[in-house]
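User: I have a structure to look over. Please take me through its fold, its packing and some individual residues.

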Amino acid sequence: MDIVILDEAAVEQRLQYQDLIPAIAEALAALSAGRVVQPVRAVLPVAPHHGFFAVMPAYADGGGGGGGGLGAKLVTFHPQNVGIHTHHALIVMFKAETGEPLAVMDGRLITEMRTAAASAVATQLLARPDAAVLGILGSGVQAKSHLAALRHVRSFKEVRVWSPRNAPAFAQRHGVKAVPSAADAVRGADVVVVAATSTTPILQGRWLSPGAHVNAIGATRPDWRELDDDLVTTARVFVDSREAALRESGDVIAAKREVTEIGAVVAGTAPGRRSQQEVTLFKSVGVAVEDVAAAALVLQQPGP
């Protein structure tokens, strides 16, 4: 069997948000329904270089209408990288029926896009239908991908961005508004994205308006935080994986309350937003079934 090898450019030609967002919704529903075998990722510190190496396998059986797949992502995270991406990855896919290897593909772009697609799934389900103002904390890869993905599920009339360094350049590049502080980005926003590499809280709950929805994707270590206690203890908390979030997310651990998997909301087995005033939080740590679903989608698409 010939093994398909796809670099990032080939992945980019085959992966579009209009296909990826529903595929990620199906994958998260399958995870919450118990149709996915997925251990919490194994993370190996690369201490001399301030990095991490993680192994993320998953098998989805394809039952219940969701797409199946067998594979694993190998991913590195070096947050101090300058001039190159902080995340790099490879995804390996296998034929579930026989175990034969099918493909090896670059996983950096898949990681970028599936993370934003998961937030789009949560935003579609949890943000108020009339959400018009988006606030973004951060100006890197995930800020860009979230801006693109969330525009598929809500029509924003105003987008504000803040980051410690590059907000003006990001705003000019993407036709949005740079603001001088995180509070200025958040106050009055209907949807907020926290996409900054931070290990201490940068979003305060008191800045949020009633009825706001927050997507927070960073601080994926138990001793890291990006949200303050006010937010995590008062918002209604949704996660991609309860098991992973309670083990990996300092914000979810600090919340000390019951969390709801977004896949259960997709499937209709758990409620989403319960009132116009409720503040909702989707805290994403990123899970392997998202990578496998995205990679399977790439393999279904014809090449250029």
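The questions below go from the overall fold to single residues.

User: What kind of model is this, and what pLDDT do local features need?

Analyst: Residues are numbered from 1 along each chain as its sequence is written, and side-chain values use heavy atoms, without hydrogens and water. The model is predicted; totals for chains, interfaces and linings use all residues, side-chain atom pairs count only at pLDDT 80 or more, and local features need pLDDT of at least 70.

User: How many helices and strands are in the protein?

Analyst: Both are DSSP runs, numbered from the N terminus: helices are H or I with at least four residues, strands E with at least two. The protein has eleven helices and 15 strands.

User: What is the radius of gyration, and what does the globule rule give for 304 residues?

Analyst: The radius is taken over C-alpha atoms, and the rule is 2.2 Å times the number of residues to the power 0.38. The protein is as compact as a globular protein of its length, because the two values are close. They are 18 Å for the protein and 19 Å from the rule.

User: What percentage of the 304 residues is buried?

Analyst: Buried means under 20% relative accessible area, exposed over 50%, and partly exposed in between (1.4 Å probe, protein chains only). By that cut-off, the buried share of the protein is 56%.

User: At what angle do H2 and H3 pack?

Analyst: Two packed helices are described by the angle between their axes and the distance between the axes. Axes are lines fitted to C-alpha atoms, for helices over the stretch in contact, and angles run from 0 to 180 degrees between N-to-C directions. H2 (residues 17–32) and H3 (residues 108–126) have axes 9 Å apart, at an angle of about 75 degrees.

User: Are H2 and H3 roughly parallel or roughly perpendicular?

Analyst: Under 35 degrees is roughly parallel, over 145 roughly antiparallel, 65 to 115 roughly perpendicular, and the rest oblique. The pair is therefore roughly perpendicular.

User: Which residues of H2 make the contact with H3?

Analyst: Contact means heavy atoms within 4.5 Å. On the H3 side, the residues include Met113, Arg114, Val121 and Gln124. The H2 side has Tyr17, Leu20, Ile21, Ile24, Ala25 and Leu28.

User: Which residues of H4 are buried?

Analyst: H4 spans residues 141–150 and is mostly covered, with seven of its ten residues buried. They are Gln142, Ala143, Ser145, His146, Leu147, Ala149 and Leu150.

User: Is Ser249 buried or exposed?

Analyst: Ser249 sits in the loop between H8 (242–248) and H9 (250–255). Not counting residues up to four places away in sequence, Ser249 touches Ala219, Arg221, Pro222, Ala244, Lys283 and Val285. Its relative accessible area is 0%, so Ser249 is buried.

User: What is the relative accessibility of Glu278?

Analyst: Glu278 belongs to the loop between H10 (262–267) and S15 (280–283). Among its contacts beyond four places in sequence are Arg236 and Arg273. Glu278 counts as buried because its relative accessibility is 13%.

User: What is the phi of His50?

Analyst: Most residues other than glycine have a negative phi. His50 lies in the loop between S3 (42–46) and S4 (51–60). His50 is not a glycine, yet its phi is positive, at about 55 degrees.

User: Is Lys256 buried or exposed?

Analyst: Lys256 is in the loop between H9 and S14 (260–261). Its phi is also positive, near 50 degrees. With a relative accessible area of 75%, Lys256 is exposed.
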